[in-house]
Amino acid sequence: MARNRVTGYQFGTLQGVFIPSILTILGVVMYLRFGWVLGNVGLIQTLLIVTLASSITFLTALSISQLATNMKIGGGGAYYIISRSLGVEAGAAIGVPLFFAQALGISFYVAGFSESAADLFPALSQPVIGVITLLVLTMLAVVSADLALKLQYFIFALIVFSLISFFSGNYSATATTVPDLVEPMKLSFWPVFAVFFPAVTGIEAGLSMSGDLKAPDKSLPNGTLAAVGISYLIYLMIPIFMHHLQVPDYTLLTNSLVMRDVARWGKFILFGVWSAALSSALGALLGAPRTLQALAKDGVVPKWVGRGYGKSNDPRYATGISFLIALTGILLGDLNLIAPILSMFFLTSYGLINFSSAFNGILNNPSWRPKFSVHWIFSLAGTVGCVVVMVMINPGATFISLFLCSIIYYLMQKRNLNAYWGDLRYGILALVARFSLYSLAKLKPHENTWRPNILVLSGSPSNRWYLIALADAISHGKGFLTVATILSNQNMDGERINSMQDSIQKYLEDRKVPALVKIVTADDTMEGAKNLIQNYGFGVLLPNTILLGDTQDKSEHVDYSSLILLVYNRQRNLVIVKEAENDSHSSDVSQIY
């Protein structure tokens, strides 16, 4: 296996994406709950549940394919895509909960294995089996992700043999009749859908390995879409086959291992259940640390957490943290109360991936040129589908997950993390501004909707702060405020102007004054002020109020009067502020503007 010091393992489509994805999709829900789904809602609604659930995953896979072929995908999977599209704050808001969901997911998969294996080892309790299994899988993940993924070929073969055994079976040869028993109460469509839906959420497994792929732009689309398509066909065939065998509803509802009873070689079904549980746990053990490593690389969590080792940059610290979280989940035992919330985080990440792809298509920036392209309406449908499913599964859990994501987003904003990449926020805001400006141009202003749009000729904010403070008090955060400075043309290049503009902007932000900053150069300060009053603004958003300080220099009175006349002729409001007599600032006109 070829390796690269920077990118780590160079996995191909089969080993890096398709196998991890399809093994996580064809998991314990398929083996232990498909008969239960069929028994509750019947064949037609079961096929509808499979189609609806798989459609959401398919639409998300399309969005992933577009994003993966438009940008260079690094480590972190869903976090990387969302942060590079919607900003580091949105990425962190999903990436942090997603990591915990992946890490706790390890304990779910291990618990599923230990529950079924306890029959073979009655002397050992389920938690003991779970801890031993977790230790073995973690050591395997730490020693070599390459070896761990190669082992999944064997696991995949066991699952294939279990399916062959199932479709070769005949229920009539093994069925036992149970007379005079009351059939359990059946559930309706949406509760059953909620139980089944986690069966189709395995594409995170391949996506989480994005930083270790040789060619992510090819492997992610091909591997993910192939896994979704093949698993959908299998999911359609299983209920049709069981319906064809006329398995009684009572058996479907009460026997979680009905697939074993149908299969020609029942032990292969058990092997399949164990293989699915262990492969899903192993996939989460490989994916969760790499999500945490990507968060550390961007400064969301401490840098040391993401430290890599060896030629393949294995995230051993992150793997250790994932192990501790999974161990806690196993020792706590019952995780049913938080399971819906964890599912919400996966759905939220799917929704944001679809949202990113949809808005990229709507904005259609010059940089949006995916090699794999579909219409943005499909990604938008995926976004809506994720939201609807979240609400239908558990409205309370939906609220809790969105609330936690909002808190993380707010905390990330407070930290003011500096991202070195561009994202969709500028394009989205530009689209909104474009729509608003064109719409405003068609409307006539009215006194009831008037808002202050103040242009403050303050010069350096530290010299004339009282002008800015008054303007801020007038606009009161409900209008527009621009702080303008006019500089001499001498020795003022673009770099120095940008640096000064950033400095003034930070000065205002530190004092919590929302304002735009405008710096212009002119040979003459007064002429520069006149040009600014005449030309500053965009479309219908022109300053309607000019605020400036007075001048006591008689030699400037003529020019100052002409400036006042210009404001009058332009039909703008004018506010002249006289400096207090005991103020130590100079009132030279060159410092006023």
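The legends below describe several close-up views of a predicted model.

**View 1. The largest cavity and the residues around it.** The lining of the largest cavity is made up of Ala141, Val142, Leu285, Leu286, Arg290, Asp314, Pro315, Arg316 and Thr319. Three helices, namely H5 (126-143), H13 (266-297) and H14 (316-332), each supply at least two residues of this lining, and among the contributors H13 gives the most, with 3 residues. Sorted by class, the lining residues of the largest cavity comprise 5 nonpolar, 1 polar and 3 charged.

**View 2. The second largest cavity.** About 30 Å³ of space lies in the second largest cavity, whose lining consists of Tyr31, Leu32, Arg33, Phe34, Gly35, Trp36, Leu252, Asn255, Ser256, Val258 and Met259. Two or more residues of that lining come from each of helix H2 (28-68) and helix H12 (258-262), and H2 gives the most, with 6 residues. The lining of the second largest cavity divides by class into 7 nonpolar, 3 polar and 1 charged residues.

**View 3. A salt bridge between arginine 260 and aspartate 261.** A search of the whole structure finds 4 salt bridges, and one of them joins the side chains of arginine 260 and aspartate 261, with a distance of 3.9 Å from N to O. Aspartate 261 has a relative accessible area of 24% and is therefore partly exposed, and arginine 260, with a relative accessible area of 31%, is likewise described as partly exposed.

View 4. The side chains of lysine 506 and aspartate 510 meet in a salt bridge, with N and O 3.1 Å apart. Both lysine 506 and aspartate 510 belong to helix H20 (residues 494-510), where they are 4 residues apart, about one turn of the helix.

View 5. Glutamate 527 and lysine 530 form a salt bridge in which the closest N and O atoms are 4.0 Å apart. The two residues, glutamate 527 and lysine 530, both lie in helix H21 (residues 525-535) and are 3 residues apart, about one turn of the helix. Glutamate 527 is partly exposed, with a relative accessible area of 41%, whereas lysine 530 is buried because its relative accessible area of 16% falls under 20%.

**View 6. A nonpolar patch on the surface.** The residues shown here, Ile377, Phe378, Leu380, Val384, Val387, Val388, Val391 and Met392, form a nonpolar patch on the surface, and together they have about 630 Å² of accessible area. Leucine 380, one of the residues of the patch, lies in helix H16 (residues 376-393). With a relative accessibility of 33%, leucine 380 counts as partly exposed.

**View 7. Glutamine 246 in a loop.** Glutamine 246 lies in the loop that runs between helix H10 (216-244) and helix H11 (249-254). The phi of glutamine 246 is near 60 degrees, a positive value in a residue other than glycine. Glutamine 246 is exposed, because its relative accessible area of 68% is over 50%.

**View 8. Lysine 512 in a loop.** The loop between H20 and strand S5 (516-522) contains lysine 512, a residue that has a positive phi of about 55 degrees although it is not a glycine. Lysine 512 has 71% relative accessibility and therefore counts as exposed.

**View 9. Lysine 150 and glycine 16.** Lysine 150 lies in helix H6 (residues 145-167) and, at 43% relative accessibility, counts as partly exposed. Lysine 150 and glycine 16 are 134 residues apart in sequence, and in space they are 9.7 Å apart, C-alpha to C-alpha.

How values were computed
Residues are numbered from 1 along each chain as its sequence is written. This is a predicted model: local features need pLDDT of at least 70, side-chain atom pairs count only at pLDDT 80 or more; totals for chains, interfaces and linings use all residues. Side-chain values use heavy atoms; hydrogens and water are left out. On a 1 Å grid over the protein atoms alone, a cavity is a set of points where a 1.4 Å probe fits but cannot get out, and a pocket is an open set with protein on both sides within 12 Å along at least five of seven lines; lining residues have an atom within 4 Å of a point. Ala, Val, Leu, Ile, Met, Phe, Trp, Tyr, Cys and Pro count as nonpolar, Asp, Glu, Lys and Arg as charged, and the others, Gly among them, as polar. Grid points are joined across faces, edges and corners, and a volume is the space filled by probe spheres set on the points. Buried means under 20% relative accessible area, exposed over 50%, partly exposed in between (1.4 Å probe, protein chains only). Patches are made of residues with over 30% relative accessible area and no salt bridge: like charges are joined within 9 Å, nonpolar side chains (Val, Leu, Ile, Met, Phe, Trp, Tyr) within 5 Å. Accessible areas come from the Shrake-Rupley method with a 1.4 Å probe; for residues, only the protein chains shown count as cover.
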